[in-house]
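Please find below the model we discussed, together with my reading of it.

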Amino acid sequence: MASIYPIVWLDAIHYKIRENGKVAGKAVYTILGVNLEGRKEVLGLYISEHEGANFWLQVLTDLSNRGVKWTMPVQNWSLTISQLAMFF
């Protein structure tokens, strides 16, 4: 994994799964980055009960702790600019 990604996409996809004999919803958080050579890399996949700003904060903190840095805007539809700004 590189440390600098000029472009990063963040998204969560919602799935219905069968868990303990019941149907439950889960959110799968997907983080995709384009490295300096222009190649796409999956930076992380995370699973949660539902999508929310608190879990996105955990995801971004984990990526930051793993040494990932962004140099361009992040594309995301569920976080505010101020919530994303703390990671730049």
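The numbered points below go from the overall fold to individual side chains.

1. Basis of the note. This is a predicted model, in which local features need pLDDT of at least 70 and side-chain atom pairs count only at pLDDT 80 or more, whereas totals for chains, interfaces and linings use all residues. Residues are numbered from 1 along each chain as its sequence is written, and side-chain values use heavy atoms, with hydrogens and water left out.

2. Overall layout. The chain contains 2 helices and 6 strands, and their order along the sequence is β-β-β-β-α-β-β-α; here helices (H or I, at least four residues) and strands (E, at least two) are DSSP runs, numbered from the N terminus. Of the 88 residues, 34% count as buried, where buried means under 20% relative accessible area, exposed means over 50%, and partly exposed lies in between (1.4 Å probe, protein chains only). The accessible surface of the chain comes to about 5800 Å², and 57% of that surface belongs to carbon and sulfur atoms; the areas come from the Shrake-Rupley method with a 1.4 Å probe, and for residues only the protein chains shown count as cover. Among contacts (heavy atoms within 4.5 Å) between residues at least 6 apart in sequence, 44% join residues at least 24 apart.

3. Ile7 stands opposite Val34 in β3, while in the hairpin itself, which has 2 residues between the strands, Asn20 takes a positive phi near 55°.

4. The structure holds 2 aromatic pairs, taking as a pair any rings of Phe, Tyr and Trp (its six-membered ring) whose centres lie within 6.5 Å, with planes under 30 degrees apart counted as stacked, over 60 as edge-to-face and the rest as tilted. Tyr29 and Phe55 form a tilted pair, at 4.6 Å centre to centre and 45° between the planes; this pair links distant parts of the chain, with Tyr29 in strand β3 (residues 22–34) and Phe55 in helix α1 (residues 53–65), 26 residues apart. The rings of Tyr29 and Trp56 have their centres 4.6 Å apart and their planes at 75°, so this pair is edge-to-face, and the link again runs between strand β3 and helix α1, over 27 residues.

5. How many salt bridges does a search of the whole structure find? The search finds 3, a salt bridge being a side-chain nitrogen of Lys or Arg within 4 Å of a carboxyl oxygen of Asp or Glu. Lys26 meets Glu19 in one of them (3.6 Å, N to O) and Glu49 in another (2.5 Å, N to O). Lys26 lies in strand β3 and Glu49 in the loop between β4 and α1, so the latter pair ties together parts that are 23 residues apart in sequence. Lys26 is buried, with a relative accessible area of 10%, whereas Glu19 is partly exposed at 34% and Glu49 is partly exposed at 48%. Glu19, Lys26 and Glu49 are linked in a network of salt bridges.

6. The Arg66–Asp62 salt bridge. The side chains of Arg66 and Asp62 also meet in a salt bridge (3.4 Å, N to O). Arg66 counts as partly exposed at 39% relative accessibility, and Asp62 is partly exposed with a relative accessible area of 28%.

7. Two serines. Ser48 lies in strand β4 (residues 40–48) and counts as buried, because its relative accessibility is 13%. The side chain of Ser48 reaches the backbone oxygen of His50 at 3.1 Å. Leaving aside its neighbours within four places in sequence, Ser48 is in contact with Lys26, Ala27, Tyr29 and Phe55. Ser64, placed in helix α1, is partly exposed with a relative accessible area of 37%; Ser64 and Ser3 are 61 residues apart in sequence and 9.3 Å apart in space, C-alpha to C-alpha.

Methods
Pairing = 2+ DSSP bridges. Polar contact = N/O pair within 3.5 Å; in protein donor to acceptor, adjacent residues only side chain to side chain.
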